[in-house]
Amino acid sequence: MKKVVKFGGSSLASAKQFKKVGEIIRSDKARRYVVPSAPGKRSKTDEKVTDMLYACYDAASTGASYGKIFSKIKERYEQIIEGLGLNLNLDFEFKKIEENFIAKKGRDYAASRGEYLNGIVMANYLGYEFVDAAEAIFFDDNGNFLADKTDQELSQRLEHIDRAVIPGFYGSKPDGTIKTFSRGGSDVTGSIVAKAIHADIYENWTDVSGFLVTDPRLVENPVPIETITYRELRELAYMGASVLHEDAIFPVRKEGIPINIRNTNKPEDPGTLIVESTCRKPKYVITGIAGKKGFCSINIEKAMMNSEIGFGRKVLDVFEQYGISFEHMPSGIDTMTIFVHQDEFVDYEQSVIAGIHRAVQPDFVDLEADLALIAVVGRGMKSARGTAGRIFSALAHARVNVKMIDQGSSELNIIIGVKNDDFEPAIKAIYDIFITAEI
């Protein structure tokens, strides 16, 4: 069995955290390929190494004083090395980094050195082979990721290496210039490595025990999600849930490799398993609740609208003319409602209304501002009767007025529109009816 394990910055912020990671890796022989992030914050008032590297580079590349912050970065790694009792000296690496900062090698190069140095420390600590991501993960001259070339090179490189550390977050362009991934960089690297070695599972270790059913800032101690499909995850991510970026999911999804989100500080917790599909019956009818504020609706009424061919296309063309994308479009026989981001729409509202009148001659156009959209997502809804009714009942009991409800044909999600002021009470009410009542 082969596992790729990625550890986030908080998991590697100090020697103490490194030791926890070491215990986790050594406890399972299948954990053969390790992708580390740069050291994160040790406390709320601490600085991430990546942020310090950016600041140091900006100073060094412009001729400003950088010695103090450069020393802080060096000290951070020296504390980790000393705390782990390693016979390792990074002076040569830091000398090269300093020279490259002065030579203006780029902010991507600067940011990547956090992962690079942590990778060297991790490989030394575990006794694994170090593989520089710049030699195996590739971008083209324009900075676009070269998936096929990377997969081929990385597969060949790791085929004969039984245990390796590959730093996350970066790769290289054809001329050797360092290029970083834009979002969730180390998560992306872990996924790429998992695909390249045909891993049985990709474990993503962080400081939380998997994904939660909803935002803990809105609901106190929400329960974790045990298993979630990629489709459910995408629905929740689209509506603002803090989850893995799509770029970090695509490589393993394409290969059918599951992702397990785990907690470095609570390794006994099973975390959340992300899969393509599953026969496992979900614990609750819903998998998750997520949402966003800041929408407005454009309500269009016209008698016999349903008999006009091209009506919807003509309306949406008006929004397209002003570069406004729509979120949802529930409709009736004589009505159509378009939900858009309020901040994108407000500067063009009168132009859009005039455009709609010219395009389809409606009987009436009405705007409503300060709305929120909430997504209730779950594969369990397919086999559960009365889900929408339970949502209506819970919201009515919480005195929340529903502005819109829309369910897709997949029965995977239900979208509810409410006033911004009712956003938090609505999520709490939905959580209580589907989760709290079942516990």
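This is a predicted model: local features need pLDDT of at least 70, side-chain atom pairs count only at pLDDT 80 or more; totals for chains, interfaces and linings use all residues.

Reader: Ok. Where does UniProt put the feature "binding site"?
Author: One such feature, from an unreviewed entry, is at Thr 50 and Glu 115. UniProt positions are given in the numbering used here, feature names are shortened, and annotations may be inferred rather than shown by experiment.

Reader: Which helix is Thr 50 in?
Author: Thr 50 sits in helix H2, residues 49-61. Helices here are DSSP runs (H or I, at least four residues), strands are runs of E with at least two, and both are numbered from the N terminus.

Reader: Is Thr 50 buried or exposed?
Author: Buried, since the relative accessible area of Thr 50 is 15%. The cut-offs are under 20% for buried, over 50% for exposed, and partly exposed in between, using a 1.4 Å probe and protein chains only.

Reader: What does Thr 50 touch?
Author: Not counting residues up to four places away in sequence, Thr 50 touches Ala 38, Ala 111 and Glu 115. Contact means heavy atoms within 4.5 Å.

Reader: What about Glu 115, where does that lie?
Author: In helix H5, residues 107-126. Glu 115 is buried too, with a relative accessible area of 5%. Leaving aside neighbours within four places in sequence, the contacts of Glu 115 include Thr 50, Pro 36, Ser 37, Phe 169, Tyr 170 and Ser 186.

Reader: Which other residues get the annotation "binding site"?
Author: UniProt, again in an unreviewed entry, has it covering Lys 6, Phe 7, Gly 8, Gly 9, Thr 206, Asp 207 and Arg 217. These span 212 residues in sequence and the farthest two C-alpha atoms are 26.4 Å apart, so they do not all gather at one spot.

Reader: Pick one for me. Where is Phe 7?
Author: Phe 7 is in strand S1, residues 3-7. Its relative accessibility is 0%, so Phe 7 counts as buried. Among the residues Phe 7 touches, not counting those up to four places away in sequence, are Leu 12, Val 21, Ile 24, Trp 205 and Thr 264.

Reader: And Asp 207, where is that found?
Author: In the loop between strand S7 (201-206) and strand S8 (227-229). Asp 207 counts as partly exposed at 42% relative accessibility. Apart from neighbours within four places in sequence, Asp 207 is in contact with Ser 10, Asn 263 and Asn 265.

Reader: Switching topic: how do H3 and H4 cross?
Author: The axes of H3 (residues 67-84) and H4 (residues 91-102) come within 12 Å and cross at roughly 155°. Axes are lines fitted to C-alpha atoms, for helices over the stretch in contact, and angles run from 0 to 180 degrees between N-to-C directions. H3 and H4 are therefore roughly antiparallel. Angles under 35 degrees count as roughly parallel, over 145 as roughly antiparallel, 65 to 115 as roughly perpendicular and the rest as oblique.

Reader: Which residues make the contact?
Author: H3 brings Phe 70, Ile 73, Lys 74 and Tyr 77, while H4 brings Asp 91, Phe 94, Ile 97 and Glu 98.

Reader: How about H6 and H7, how do their axes cross?
Author: At roughly 65°, with the axes of H6 (residues 147-159) and H7 (residues 185-196) coming within 9 Å. H6 and H7 are therefore roughly perpendicular. The contact is made by Thr 150, Asp 151, Leu 154, Ser 155 and Leu 158 of H6 with Ile 192, Val 193, Lys 195 and Ala 196 of H7.

Reader: Last one: what is phi of Met 304?
Author: Near 65°, a positive value in a residue other than glycine. Met 304 lies in the loop between strand S11 (288-301) and helix H10 (311-321), and at 53% relative accessibility Met 304 counts as exposed. Gln 361 also isn't a glycine and has a positive phi of about 45°.

Definitions and conventions: Residues are numbered from 1 along each chain as its sequence is written. Side-chain values use heavy atoms; hydrogens and water are left out.
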